[in-house]
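Hi,

Here is the structure I promised to pass on.

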Amino acid sequence: MAMQPITLTGGMRANLVSLQNTNSLLELTQKKLATGKKVNSALDDPVAYFTAVAHEQRAGDLSGRKDEMSEAVQTVKAADAGIQSINTLIAAARSLATSALSADSTTATTLMNQFNTVRTQIDEMAADSGYKGVNLLGGTSVSLTIKFDETGASKLGITGFDGSTTTGLSISLASGWVSGTTVSASTIETAISALDSAKDKLRTESSKLANNLSIITARQEFTQGMINVLKDGAAGLTNADMNEEGANMLMLQTRQALGTTSLSLASQAAQSVLRLF
Amino acid sequence: MALRITLKPGERMIIGGAVLTNGSPSSCDLVIENRTPILRQKDILTEEKATSPCRRIYYAIQLMYIDENNLAMYHKIYWELVKDLVHAAPSTVGLIDSINEHILQRRYYPALKLTKKLIEYEKEAVERVSNGAEGI
């Protein structure tokens, strides 16, 4: 049975077209309601659409970088936690050595053995201070590069250090604290001074890490600010109208002038410099 | 890579935290041999003149440049200002993004130069609505 073509009168056709238009308008309104955006596709307003999309993509790229920075923060924190634990172990080893100085030969031998156990724990701690395979206490060959932007042009490199007792911290295996029945004070004192210099070394490394950590955190916050602004801008782009923007900026100016000026937060040093101009 | 700057008589500038004035009756040439914050008198915005949203942003970046020790504090001020601006005028987001990129890479001078464009845009947009009767 062949289908008969349906003939539409002029009036019916007009009705259909208007119905289609209403449908697409309705669809658009629903889309706007769903997304909260005035422009949803390249057809609505090509320039605003593509600019908004570009900004949102960039915000996405930056989020990736921010995640990497968070990972780097974890690595640095893991290393710092390792250093703190090693510091505690060094303090323990030091008190063992100090006690040995005033102990009898039998006790001194026991203390020496305990000292060596603690020393092994330091090595284990140094080996375990990594995060996701990067251990900044694993030697100077370990390095961590944190990229701050999409291209990686802006980056920070952190080099590890050797946290092991033998090669890095120079804490030797204790031996000869007791010879015969006499406690060898000089041998023990050498061990104590080795512990003190190890502690100094760790303090230096720890402050380096803290410095790097504050750089990464500052960058992280800045990147978050960039992401927020890009998203805000992309969301508002569809309203871009110079007259409206001018009016808004004028309003903002008045609001800022009335508000307590956050600018006077400039440091004394900066203020004294700028006052000369 | 040294930078050569000519200073007119009586002209001031900031070089790495110090304020210099050309005290001689003739122009003088300065050669800056290392990387340090440098800001010429014509590029310096004082607090009294930071009277509009974009000028405030310029002021905040200027503080980051000449007083990097307090960067965290200035970042905070900066983001407040930028957030308000982008809400008021979303079309500035492209320029703001480039400025952010410069700041992130500690290239404050190019950031300031771009912010001047932002100030120009603001001036134009505001003048439009106030019928160009009053400048800012």
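**What I found**

A:Glu68 sits in helix 2 of chain A; helices here are DSSP runs of H or I with at least four residues, strands are runs of E with at least two, and both are numbered from the N terminus. Before going on, the ground rules: this is a predicted model, where local features need pLDDT of at least 70, side-chain atom pairs count only at pLDDT 80 or more, and totals for chains, interfaces and linings use all residues. Residues are numbered from 1 along each chain as its sequence is written, while chains are lettered from A and ligands numbered from 1 in the order in which they are written.

Back to A:Glu68. With 16 C-beta neighbours inside 10 Å, A:Glu68 counts as partly exposed. The cut-offs: a residue is buried if 20 or more other C-beta atoms lie within 10 Å of its own, exposed if 12 or fewer, and partly exposed in between, with C-beta atoms placed from the backbone. Setting aside neighbours within four places in sequence, A:Glu68 is in contact with A:Ile146 and A:Lys147 (contact means that the C-beta atoms, placed from the backbone, lie within 7 Å). A:Thr145 is 77 residues away from A:Glu68 along the chain, yet their C-alpha atoms are separated by 9.9 Å.

**The two chains**

Chain A has 6 helices and 4 strands, in the order α-α-α-β-β-β-β-α-α-α from the N terminus. Of its 277 residues, 31% are buried. Among contacts in chain A with a separation of 6 or more, 69% join residues 24 or more positions apart.

Chain B has 4 helices and 5 strands, and its pattern along the sequence is β-β-β-β-β-α-α-α-α. Buried residues are 36% of its 136, and the corresponding share of contacts between residues 24 or more positions apart, again counting separations of 6 or more, is 48%. The C-alpha atoms of chain B fill a box of roughly 45 × 35 × 25 Å along the principal axes. Chain B is divided into domain 1 (3–41) and domain 2 (47–129), with bounds from an automatic or database domain assignment. The C-alpha centres of these two domains lie 25 Å apart.

**Where they meet**

How many residues does each chain put into the contact? Chain A gives 42 and chain B gives 47. On the chain A side, helix 2 (46–101), helix 4 (185–236), helix 5 (242–258) and helix 6 (268–274) each supply at least two residues. Helix 5 gives the most, with 11 residues. By class, that side of chain A has 23 nonpolar, 14 polar and 5 charged residues; Ala, Val, Leu, Ile, Met, Phe, Trp, Tyr, Cys and Pro count as nonpolar, Asp, Glu, Lys and Arg as charged, and the others, Gly among them, as polar.

Helix 2 (residues 71–88) of chain B has 18 residues and should span 26 Å at 1.5 Å a residue; its end C-alpha atoms are 25 Å apart, which agrees. The expected span is 1.5 Å times one less than the number of residues. Its buried residues include B:Tyr74, B:Ile77 and B:Leu81. Seen down the axis, the buried residues of helix 2 of chain B fall within an arc of 160°, so they line one face of the helix (the arc is that of the directions from the helix axis to the C-beta atoms). Their cover includes helix 4 and helix 5 of chain A, together with helix 1 (53–66) and helix 3 (93–104) of chain B.

Helix 4 (residues 108–129) of chain B reaches 31 Å over 22 residues, close to the 32 Å expected. B:Tyr108, B:Thr115 and B:Glu122 are among its buried residues.

**The core**

The largest nonpolar core has 95 residues, and A:Ala100, B:Ile57, B:Ala60 and B:Ile61 have the most contacts inside it. Such a core is a set of buried Ala, Val, Leu, Ile, Met, Phe, Trp, Tyr and Cys residues joined through C-beta atoms within 7 Å. Helix 2 of chain A gives the most to this core, with 15 residues.

Cheers

Terms used: Contact = placed C-beta atoms within 7 Å.
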